[in-house]
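Hi there,

Here is the structure I promised to pass on. My notes follow below it.

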Amino acid sequence: MAIVVNMPRLSDTMEEGTVAKWLKSVGDKIEEGDILAEIETDKATMEFESFNEGTLLHIGIQEGDTAPVDSLLAIIGDEGEDISALISGGGATASEEESAEEPVAEDSSEDAEAQGSGEIPEGVEIVKMPRLSDTMEEGTVASWLKKVGDDVEEGDILAEIETDKATMEFESFYNGKLLYIGIQEGESSPVDAVLAVIGPEGTDVDAVLSNNSGGSKKSSATEAKKEDKKSADTTGKKEVSKSVADGERIFASPLAKKIAADKGIDLASVSGSGDNGRITKKDIENYTPSAAATPVASSSAKADNAIASQPVSMALPSGEEGTEEVKNSNMRKAIAKALGNSKFNAPHFYLTIEVDMDNAKASRAQINSLPDTKVSFNDMVLKACAMALKKHPQVNTTWSADATKFHKHIHMGVAVAVDEGLVVPVVKHADLLGLTQIGSAVKDLAGKARNKKIAPSEMEGSTFTVSNLGMFGILEFTSIINQPNSAILSVGAIVEKPVVKNGEIVVGNTMKLTLACDHRTVDGAVGAQFLQTLRYFVENPVTMLA
């Protein structure tokens, strides 16, 4: 009996998927566990395997096409089996065609000219602002890597888009010419706004946009089209494609990045064969160390980037007043919204302890004396928190209106300061990692965050968060809870001062830790007990090595 295979939901936020590549053809024999296709989700390109055996009788979504979750992806059954009823039973195509024809009838009653443009011409694709993270509501085009009139191939990077979490490369799923740019560099638009139009040269872009938006943008489309052409003519060769060798950006498909990570290959050493030096899956599979390319970043490029990252100059002649408005980035807006919701919705209370760091300092010095080993005090605090959470599961929770979720896993969020604000990468299963493993993970994630190369999936799922301002000399502070966590720990600086030990005043090293708790899930006694356990682990680091 034939089995219908639908577009799978490969991530918690996935609403539609794109078939990047079919690894099986109609007529091929399928075994359980065979990889059917590579599917691009909102987070990554992933292999999709078959859970059934039989013959691949039908492919419902072609390579490069995008379809919603649960759309007909394929049919597997016995060779020669009649599947016409299953194909027609999908019904999605017919209903979509009917809905597409309705505006044609309305347009024809208003305007005879619109009647001829009721359908988007074959080969023309309207590219919309993608949802690149689970919380993204709008995106900002940081830069266009293609301009109107350029040839675009499937997999080419069209633009860099700034979300509320990071700046990410957005690649094309279509072939053709870039006919229209709907969102200019520096502009923000909601998800699903028209980003670009790709299609054959000579396409009437005005008609396409008019049909897509009900005719409301026809005049503006004409102006934008003219302006794009003018910009393309004036810039000419001035706009140079960036490549791997610019020292700042590495072009690589999501699948290539995944394979490289699995194989431990440094993408900076791989020569890309794709457009703009983009690294593809084939490049990773064919990579050998002897063929490694060594990109050299020019000092002038680094200097330019350093200048660009400087804050707005506030210098004014003496006695004059001045104000300058700087547009809020999507990240800044997201931070404001998330922290505002947390502070105003979750009833915070704070508990502070002072811990003896003498043993921790001695242990860290001994650990770091080992070859190729580097452990920070923050790594020790993270490990101690993970161990304390196992003993106090009430702190490792999430509040909801109907129930409190007790997490059996421990994912530690680590607050990292970046140019535009604050991000929280997540160290997964921190309780199962050693000190050096936690240190390596934090260093890698923090580096990605500061370079805006961190993936949304690497900032999701935290169950507890640590914020450390000790390196800035801050002795004690309170943090706003990173929801949906129930608590966040604020770590101050280690201070050398007189302390009382065994009835005598001696020089000691202490550090203050402040726990912010959501009173809906964590009561005062629970928070206090957690801090007692945390103190024990921090003051006795040998317990974290057992």
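Is Lys337 buried, partly exposed or exposed? Lys337 counts as partly exposed because its relative accessibility is 46% (buried is under 20% relative accessible area, exposed over 50%, partly exposed in between, with a 1.4 Å probe and protein chains only).

Before the rest, a word on the source: this is a predicted model, where local features need pLDDT of at least 70 and side-chain atom pairs count only at pLDDT 80 or more, while totals for chains, interfaces and linings use all residues. Residues are numbered from 1 along each chain as its sequence is written, and side-chain values use heavy atoms, leaving out hydrogens and water.

Lys337 forms a salt bridge with Glu137 at 3.1 Å, N to O (a side-chain nitrogen of Lys or Arg within 4 Å of a carboxyl oxygen of Asp or Glu). This pair links distant parts of the chain, 200 residues apart: Lys337 is in helix α9, and Glu137 in the loop between β9 and β10. Helices (H or I, at least four residues) and strands (E, at least two) are DSSP runs, numbered from the N terminus. Glu137 counts as exposed, at 55%.

A search of the whole structure finds 15 salt bridges. Another one joins Lys501 and Asp356, also at 3.1 Å, N to O. Within helix α13, Arg535 and Glu539 lie four residues apart, about one turn of the helix, and their closest N and O atoms are 3.9 Å apart.

Finally, helix α12 covers residues 435-450. Its buried residues include Leu435, Ile438 and Val442, whereas Ser440 and Lys443, on the other side, are exposed.

Best wishes

Note on methods: Expected span 1.5 Å × (residues − 1).
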